[in-house]
Every structure is written in C-alpha cells, then in structure tokens.
Amino acid sequence: MNTILSLVLKRLAFGLVTIIVISVLIFIGVEALPGDLTEAILGQSALPETIAAFRKELKLDLPPHIRYFAWLGDIMRGNLGNSLANGRPIADLVGWRFANTLFLASSAAVIAVPFAIMLGILAALYRNSLFDRAISIATLSTISFPEFFVAYILVALLSVKLVVFPSISNINDGMAFWEKIHAIVLPCLTLTLVVVAHMMRQTRAAIINILASAFIEMAHLKGIKRLRVIVVHAFPNALSPVINVVALNLAYLVVGVVIVEVVFVYPGLGQLLVDSVSKRDLPVVQASCLIFAVIYIGLNLLADVLSIISNPRMRNPR
Amino acid sequence: MAVFKLLRQSPWSARCGIAIVLLNIAAAILAPVVAPYGETEIVGDVWVSMSGDHLLGTDHLGRDLFTRLLYGARNTIAIAFITTMLSFVVGTVCGFFAATLKGWVDQLLSRMVDILMAFPTLIFALMALSVVGTSIGALILVIALLDSTRVYRLSRAVAMDIAVMEYVEAARLRGEKTWWLMRQEILPNAMPPLVAEFGLRFCFVFLFIAALSFLGLGIQPPMADWGGMVRENSGAITFGIFIPLWPAGAIAFLTVGVNLIVDWFLHVASGLKD
C-alpha cells in the first residue's frame, strides 16, 4: 500500500510544481512584453507623470518577485484583476463563460466516453475483421481532419441542408435545459467525433496489448470461456490504460473546445481567450490560460493517479 | 534503386498518399504559373458560384478561390515545413545531447520538456502569440519550440538505445568528440523512426498552424492560407454557400495523404509482414 501512496504523492507533487512553473511562465510572459501594461492602456503619447501615477496604481513600480506573489495571492482569493479592454473585473467575464465551457465539454464527454470504449473493445475483440478495418479507416480520417472541417461539414449537412439544428450556439441563462441541449447539439457532436477517434484507437491498442500477454494465453489454454477471460482476466488489467486514455482525452477536450467554440460562436472561455489574444488584453489572457492549464494538468494528474490505483500489480505488491 | 523497389511493393493506400502529397507540392511550387489570377487580385463579385471563369467561385472579397487555394498551398505548406524542420533540428540536437552526455544535461532538459509538455500546446501558443504578436517569424519560432519537445522525447529515447552499443563505445574510446558521435554514429542509426516521426509532426504542425490561422492568430491576410480562408469565408455557409469547405477539405486531404505514407512507412520499418 505504501508504494502506491508514495507514487501518488510523487505525482501530486510533480503536478503542483508544474502548476507553479506554469504560473511563473504566464507571469513572465507579460513581463517580457516590450514596454509595459501602462503603455498598452494609456497609449504611447501619455505624459510621464500620468505613467508614473498609473504604474504606482497597478503596483508596477515594485520588483517582479513581489508582484508575482501578490498576483498569485490575489488569484488564490478569487480576485483575477480587471480587463484592459473594458475595465470590468475578469472574474465576472470568466465565471459564466467557464460554466458554459464545462457544460459543453461534459456533454461531449458523456456521449463520447462510453461510445469510444465500446467501439475500442469491439474493435480489439474482432481485430482484423471487416468491422475493425472500417472503424480504423473512419477514425484515421477523423483524426486527420481539422476540428473546423468536421464542424462545417456538420453545419452544412444538419443546419443548412436539413434545417434541424442551429449553426450558432448562443445559450443564455433564460433558456430551459432542453433548449440549451438543442442549441449545443452541433458543437457537442463535433467534439464527440474528434475525441471518439483518438479514444477508440488508444483503447483498442491498450486492450490488444493486454490480450497479447502470456497470462491471457494461459487462461485460454486452461480452457476458460472467452467471455470470462475478457471480463475477469483482461479487463482489470486493461482498466488502467483505458482510464488513462479517457482522462487524457478529456484534457484534450478542454483544449479542443477553443476552436469549436469559435466556429459556433459559443459564449465560452475559449472564445473569450481567442478574442482577448487578438485584442492583446493580457490580464484576461493570463487568467483564462491559467484556468485552462490548471484543468488540463489536473485531468492529467487524475489520469496518472487513477491508473496507478487501478493497476492490479501496483495494488498487490509482492 | 532500392527506393523504386520499395515503391513497386507499396500498397494502394501508400500510393494514394504519395500522389496526394506530390499533387500538393506541385500546386505549391507551380502556383504562380498555374493560377489564373493574382494572389490578392479582386476579379469579380463576392461569393460567385463555380463557373468557367472561376473554377471554384470567388471568396468574400471577390478574389478567385482556386487561385487563393494554390497560393494557400504554397504559404501554408512552406511555413509548416520550415517549422517542422526547425523543431526537428532543436529536438534531435537536444535529445542526442541528453542521450550521449547523460547526467545533469539530461536531467535539466528532460525536466524542462516534462513541464512544457504538461501544458496544453494550443493554450501555450495563444499566450505566447499574445505576448510576441502574430508575425510569421514569431509563429514559426513558438510552434517549433513547442513541437520540439515531442521530437526531443523520441530522439532521446532512440539515441539512448544506440548510445550503449559497442560501436559507440568504441568510437568514444578512440577519443571522438560528442558532436562527432552524434552525427556519425547515432544519427544514421536513428533515421527510420525519426523520418516516420517527421511525417506525423508535419501533420500536427500543419493542422496547428491551420487552427491558429482559423482563429485569426496565425498567418495574416491578405496572404492566402487555408486556415485563414476558412475563417474569412465562414459566414458563407449559413447562406448555403459551401466555399469554406474547399480550403478546410484541402487541409484534411493533405493530412490524410501524409498519414497514409507514414502508416506504410511505420509498417515497413517495423518489419511486419502480413
């Protein structure tokens, strides 16, 4: 048990270090900007006195390491600062958009995960059959397609040719749950298609890997029924790679959501991030990058920890 | 000659892939010769449908879409290719250094790569581009740096296996320098996996640049590039005009082509026969 605990703790520590380094990188990124924020806000023609006063107000006159800890402390307390573009508190801008992004990503995950694992297991069981080949070709091409290609094909088919779903997924709080679902069908479907391909291929590979190991052959040789071999012998061992695959793809989903949100003009965090990058609204970029990074690293961490815990060899050390 | 023999034995999927890639390269090189109009020349009305004058119609400003697609091939493929090359130079040199020198060099580089890889690439690129601005040079540098982490991982792993071979040991004992070891002993033996990886990385970089351009943060107009063309014309689709599907399809087409070749190459390199 102790080995598991120390492994898990090691992973958690590494995750924490990563998040800290990332936060430093995000902070330095803005520091490295030619000129500084004052110039970006006040313009180049501002008077020296105004700039000095403004620098004091933004605490830009303090040394960087002090400002870093002040910034980090503010974020911990939920104070993300103000947007440069419109002066509104970033927490107000980010909060509801983040909820929307989670809504979209989790709806896609709810459909994609069971579907992909099922397909992956079937493809592994009937490998090299016609079914396996067909799925393999279909997923290979979906992986090669950029997200927006899949998205626009879906729009062309389901929104323009057959007018069933809206091509712009604008949702707001006034809408009922089913109205929201109807509005996000197309972005959700796009994300599902993109993620299922990855997840299914990796699940298939993981299970084939297990099926090729000696203890499975042994089980077959003992005359155990095929179904029992898969459920009792193969599945517990495949669980760890499969969990890993699922979590990694959920992390991918969080990032893939950026492009899909832009295609469907969905009011989410990804859309806000892209807008802020083109407006060079750096505090908003910092905040949204940090949120995406923490979620991504968190999910990767979860993948590692779960796969350590679910591995039968790790659980029962000799 | 060996290449021709290999080509004769290649499966139809790989031949399709080669044909697709050659077609794209031809389009990229011959763009100024083949294209009926200039890259940014406005030749007609907005979103004209296909006709003899405009093979694929016109875009949102009335520029010939076929011409833009050809020039787009040129810009998008060239930038993706340069980025991948740069990422390979950085990645393999660092990876080989880590594998031959080991010790603290390896530790330092590997931990840095671990941390960079723990961060979503797209988010990192967005942040970096918001700081350094969206010039083509910045785009190439940022993406090459991010992508070289993947190349580093692979080249380090491959070089680790080679660095313990007797012939490397022998070269080391006769006093060859690290650089010589990397170039003369390790590189030739690490080529097959690196070539396959090059195809995969190219696809990734190509899709990545297309995605950034689609977000309006990659290659900037009026330069033609496929991701940007999808973005510019995306409004058309709600009117039932499927113009954005052409550049988007072109991106998918080339990526599928490269993937088909890589699949075959991996199959040959792994020595599997079926």
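Predicted model: local features only at pLDDT ≥ 70, side-chain atom pairs only at ≥ 80, totals over all residues.

Entry 1, a helix pair. I started with α10 (residues 214-221) and α11 (residues 226-263), both in chain A, which pack at an angle of about 150° with their axes 10 Å apart. An angle over 145° counts as roughly antiparallel, so that is how I noted α10(A) against α11(A). The crossing of α10(A) past α11(A) is right-handed.

From α10(A) I listed A:Phe215, A:Ile216, A:Ala219 and A:His220. Facing them from α11(A) are A:Val229, A:His233 and A:Ala234. I sorted the residues of this contact into five nonpolar and two polar, with no charged ones.

How many residues of chain B are in contact with chain A? I got 33 from chain B, against 38 residues of chain A. On the chain B side, α5 (121-132), α8 (178-214) and α10 (245-269) each supply at least two residues. That side of chain B divides into 26 nonpolar and seven polar residues, and again I found no charged ones.

I went through its elements and found 10 helices and zero strands. The C-alpha trace of chain B spans about 70 × 50 × 30 Å along its principal axes. Chain B has 274 residues, and 45% of them count as buried. I also checked its contacts with a separation of 6 or more: 67% of them are between residues 24 or more positions apart.

Technical notes:
Residues numbered from 1 in each chain as written. Chains lettered and ligands numbered in written order. Axes fitted to C-alpha atoms, helices over the stretch in contact; angles between N-to-C directions. Helix = DSSP H or I, 4+ residues; strand = E, 2+ residues; numbered from the N terminus. Parallel < 35°, antiparallel > 145°, perpendicular 65-115°, else oblique. Left-handed = near helix turned anticlockwise from the far one by under 90°. Contact = placed C-beta atoms within 7 Å. Nonpolar A, V, L, I, M, F, W, Y, C, P; charged D, E, K, R; others polar. Buried ≥ 20, exposed ≤ 12 C-beta atoms within 10 Å, placed from the backbone.
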